[in-house]
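Colleague: I would like to go through this model with you. Let us take the terms one at a time.

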Amino acid sequence: MSFPSLLDLDAGQQKVLDLPFRGSHVITGSPGGGKTVMAVYRTWALALAGRDVVLLTRSNLLHQYIAQMSPLLTESPQVTTYHRWIRRFWHTGFDTDLPRTDEGDWSYDWPEIQRACIQRNIRSTAHLVIDEGQNLPIGFYHLCRLLGVGVSVFADENQRIGDDHSTLSEIRRTLRVDADPLVLHENRRNSREIAMLAAEFRGEVRGDVSMPARSGSRPVVTRTPSLDHLLAGISHYFSAHRDRSIGIICRSTVLLRDIQSRLTGLGLAKHTQAYAHDDQYRKTIDFSSRPIRIVSTASMKGLEFDSVFVPDLDAYTEDPTSVEARLRFLVLCTRAREDLHFAHRGPQQPAILSDIPESLLVRHSG
């Protein structure tokens, strides 16, 4: 992992550093534009200015990634997850359980939370910097405005995963941000070939897409006879590219655990780690070691790897024309910096990639 210095920032990213330290602001941009990097720098700048600032992420794995990616910048400011922050906030001010809906432990009763805060006249001078802010519910932003909390939201409508998300217009309207979002245009992560494939999945929410100048290899789609055959190929790839981080992104945690077990059988245990949020043995990843990292699509937001392998293309059986399916694939593609590999079994290629122009993919049998 490497973190860009201030001298490495482009003109658009420099504008984030120039934002006022008061009020709320919305920053957007395509995958690879550096939103996570600038969320960290924004947090650092606010902390230097003496603000009570917290950097929030939606997922626990992204929280770990940010904390490890920039330990010097995040040593003073607090970095935590959205769920941990709201629960700590509630337990600090109230002696009751955090109100929840009937939908489960992770769904909060925002009207009841707001009512309780109004009754006790709860206010805050904190400033929240939120990465992947499109994945937070709009009720949370209503609470921030009610509390008087300043918010810097880094968000991309094209990267939403799941049902509980907010659009940029909803966020701006709720926080009463009149200014247009500051846009990070340049893709500093992906090769041009990967970015061109990802652009095929942007759907109706296209935005201002800038293609990278850096060129690389075309993404590969492979028909493989078995999972063992694919993992043997990944093992050979790792042996030939020891300097690269490898992300294996699975649709299910069942497959995630299976792949980790099989790679261990291939002698790669000391190079491999996996993350599953509900597994006590797989709750953390050290991003400075064990370069083969196995994660699920539910945890991939905000992460990046030199090379990405998708071992279960067959699992993407939903309607390939649906917005949610296409945006999920957009996020999946843009995790890769250098190489992107898809694998499927059987003669029929899954529909999600069947209509992609031949010029954007290399297709072959394993």
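Colleague: How many residues of domain 1 are in contact with residues of domain 2?

Modeller: 19 residues of domain 1 touch 27 residues of domain 2. Contact means heavy atoms within 4.5 Å. Domain 1 covers 11–184 and domain 2 covers 192–365, with bounds from an automatic or database domain assignment. This is a predicted model, where local features need pLDDT of at least 70, side-chain atom pairs count only at pLDDT 80 or more, and totals for chains, interfaces and linings use all residues. Residues are numbered from 1 along each chain as its sequence is written, and side-chain values use heavy atoms, with hydrogens and water left out.

Colleague: What area do domain 1 and domain 2 bury between them?

Modeller: About 1900 Å², with 53% of it on carbon and sulfur atoms. Buried area is the accessible area (1.4 Å probe) that two parts lose on being put together, summed over both.

Colleague: Why is the pair Glu132 and Lys301 called a salt bridge?

Modeller: The definition asks for a side-chain nitrogen of Lys or Arg within 4 Å of a carboxyl oxygen of Asp or Glu. The closest N and O atoms of Glu132 and Lys301 are 3.2 Å apart, so the pair qualifies. The count between domain 1 and domain 2 is one salt bridge.

Colleague: Which helix gives the largest share of the side of domain 1 that touches domain 2?

Modeller: Helix H3 (residues 60–69), with six residues. Helices (H or I, at least four residues) and strands (E, at least two) are DSSP runs, numbered from the N terminus.

Colleague: What makes H3 mostly covered?

Modeller: Seven of its 10 residues are buried, among them Leu61, Tyr65 and Met69. Buried means under 20% relative accessible area, exposed over 50%, and partly exposed in between (1.4 Å probe, protein chains only). The cover includes helix H2 (35–48) and strand E10 (292–296).

Colleague: Why does Glu318 count as partly exposed?

Modeller: Its relative accessible area is 26%.
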